[in-house]
Amino acid sequence: MEKDVSKNISTGKQRQNGMYYTPLPFAKKALEYIERTLGGNWWKSGEYRLWDMAAGTGNLEYHLPKDALKYCYLSTLYQEDVEYLQQIFSDCSVFQYDYLNDDTDSVFADTIALKSELKWKMPEKLRNDLMNPKIKWIILVNPPFATASAGLVQGCNKENVSITKVRQQMNQDNLGEVSRELFSQFIYRIKYEFEHKTAYLGLFAKVKYINSGNDDKLRKKIFQFHFENGFIFSSVNFQGTSRKHQFPVSFVFWKLSEREQLEHQKIKLDVFDEQIEKTGIKQIVAENKEKHLNRWIVRPLATTTFPPFSSAVTMGSDRVDRRDRIAEGFLASMRVVGNDFLNQNLVYFLSASAVSAGALSVTPENFEQAMVVHAARRLPKATWLNDRDQFMQPNQELSKEFVTDCTVWNLFSNSNQTAALRN
């Protein structure tokens, strides 16, 4: 009988900190994939230690056999979760720990002498295991997904959620806006915590860290691990998520001690439905963001003031963000947001300047590119499985017939919101 995962923390606090509890059937499936790499009963040798530093209510470890638990460390942010875990996992080492703030100097200190002077919050047993070169590690984690707002946001303001000591270190490393994400902060510390150790990372996450443009710096500087195996499933399996707006969630098993750029790897994941039945294989392509389609189109300099619109016939001058500029030779404006299916509905034409980030002026010089980008972004059908797939630049010269077909389709598309009151 599977446990009733009671929520010790309020839903508001859970959402604020990006905490979603991993569905037990998929947590069990993850253990099977770990065994594919490490072999069955990997714990019996005594060589491995497992650490889940975002354990929450321990879903990832629930299906581990009892004799494996003595080799496991479970840490979590909230004391109420610690008390719950201690009841369920009496054989584990359970402790309250803020992975993004506690003992960070020990990870990033320059010298051993400095480390020896630190006051530790980490249990001594774990510290000793981390210093033992004979011990191999499994990091099994579903990190929180919360991003500090860069400005005004709708709904819950997460402006301060990612102000941590790890973020300060990431800023010193010039990692840019990705440092605002709690997920990326976990990855950053894990990378340095387990450097020069034999270690594997079993990671539940959205797939954006593998392929999105915003995570490009993270991949280039930090996330260069060897792909072992993994699977993918819909976010609808998580309690509290929307069936209407589904997206892919992955479990990927990485070897941290083998460095390899993601661009050079074939990352193929088994696809599972809600009944935990395999339905296919999905390849996640990691490419440099300079090859993304949204970087292909020329964005002319906008210098002339023009009344901004928010739709075909609606003025947008009351918006705080006006964007009331157009380029010389203006024919229309096109909004191009993001580079994936998630933002498909945010790609459209207007007959005036668009009060929106990502908007650009369509001119005779970039007209054909605009026709291709709009059609390519709007034509394919979006599904939960391709939700975070990236659109790529053409890899060959496009024929005039193709460009003409795109233009004709765009004329009748409902995302063409251009209108004229003359001619």
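These legends go with a set of close-up views of one predicted model.

In this model, local features need pLDDT of at least 70 and side-chain atom pairs count only at pLDDT 80 or more, while totals for chains, interfaces and linings use all residues. Residues are numbered from 1 along each chain as its sequence is written, and side-chain values use heavy atoms, with hydrogens and water left out.

**View 1. The whole chain, before zooming in.** The protein chain has 13 helices and 15 strands; helices (H or I, at least four residues) and strands (E, at least two) are DSSP runs, numbered from the N terminus. Of its 423 residues, 51% count as buried, where buried is under 20% relative accessible area, exposed is over 50% and partly exposed lies in between (1.4 Å probe, protein chains only). Take the contacts (heavy atoms within 4.5 Å) between residues at least 6 apart in sequence: 70% of them join residues at least 24 apart.

**View 2. Aromatic pairs, starting with two tryptophans.** Rings of Phe, Tyr and Trp (its six-membered ring) pair if their centres lie within 6.5 Å; planes under 30 degrees apart are stacked, over 60 edge-to-face, and the rest tilted. That rule gives 34 aromatic pairs. One of them is Trp42 with Trp43, edge-to-face at 5.3 Å centre to centre and 85° between the planes. Both of these tryptophans are buried. Another pair, Phe183 with Tyr209, is tilted, with 5.4 Å between the centres and 50° between the planes. This one links distant parts of the chain: Phe183 sits in helix α9 (residues 182-193) and Tyr209 in helix α10 (residues 208-211), 26 residues apart. Phe183 and Tyr209 are both buried.

**View 3. A ring cluster, and charges over rings.** Here ring pairs tie Phe26, Tyr33, Phe204, Phe231, Phe233, Phe238, Phe251 and Phe272 into a cluster. Elsewhere, look for charges over rings, meaning NZ of Lys or CZ of Arg within 6 Å of the ring centre and within 35 degrees of the ring normal. Arg189 lies over the face of Tyr99, 4.2 Å from the ring centre. Lys206 does likewise over Phe247, at 5.1 Å from the ring centre.

**View 4. Helix α9, mostly under cover.** Eleven of the twelve residues of α9 are buried, among them Phe183, Phe186, Tyr188 and Arg189. The expected span of a helix is 1.5 Å times one less than its number of residues. For α9 that comes to 16 Å, and the end C-alpha atoms are 16 Å apart, which agrees.

**View 5. Helix α2 and what covers it.** Helix α2 (residues 24-38) has 15 residues and reaches 21 Å from its first C-alpha to its last, close to the 21 Å expected. Its buried residues include Leu24, Phe26, Leu31, Tyr33 and Leu38. What covers the buried residues of α2 includes β1 (48-52), β4 (136-141), β5 (199-206), β6 (225-234), β7 and β8. Just after the helix, Gly39 takes a positive phi of about 90°.

**View 6. Gln265 in its loop.** Gln265 is in the loop between β7 (248-259) and β8 (267-272), and is buried at a relative accessible area of 9%. Its side chain reaches the backbone nitrogen of Phe227 at 2.7 Å. A polar atom of the Gln265 side chain also lies 3.5 Å from the backbone oxygen of Gln261. Leaving aside neighbours within four places in sequence, Gln265 is in contact with Phe225, His226, Phe227 and Glu260.

**View 7. Ser212, another loop residue.** Ser212 is found in the loop between α10 and α11 (216-221), and counts as buried at 8% relative accessibility. Its side chain makes a polar contact of 2.6 Å with that of Asp215. A polar contact is a pair of N or O atoms within 3.5 Å; within protein, one must be able to donate a hydrogen and the other to accept it, and residues adjacent in sequence count only if both atoms are side-chain atoms. Not counting residues up to four places away in sequence, Ser212 touches Arg219, His292 and Gln390.

**View 8. An open sheet of four strands.** The strand order is β14-β12-β13-β15, with mixed pairing. β14 (359-362) and β15 (416-417) stand at the edges with a single partner strand each, so one side of each is left without a neighbour in the sheet. Two strands pair if DSSP finds at least two bridges between them; β12 (residues 332-336) and β13 (residues 347-350) pair in the antiparallel sense over four bridges. Val336 has Val347 in β13 as its bridge partner.
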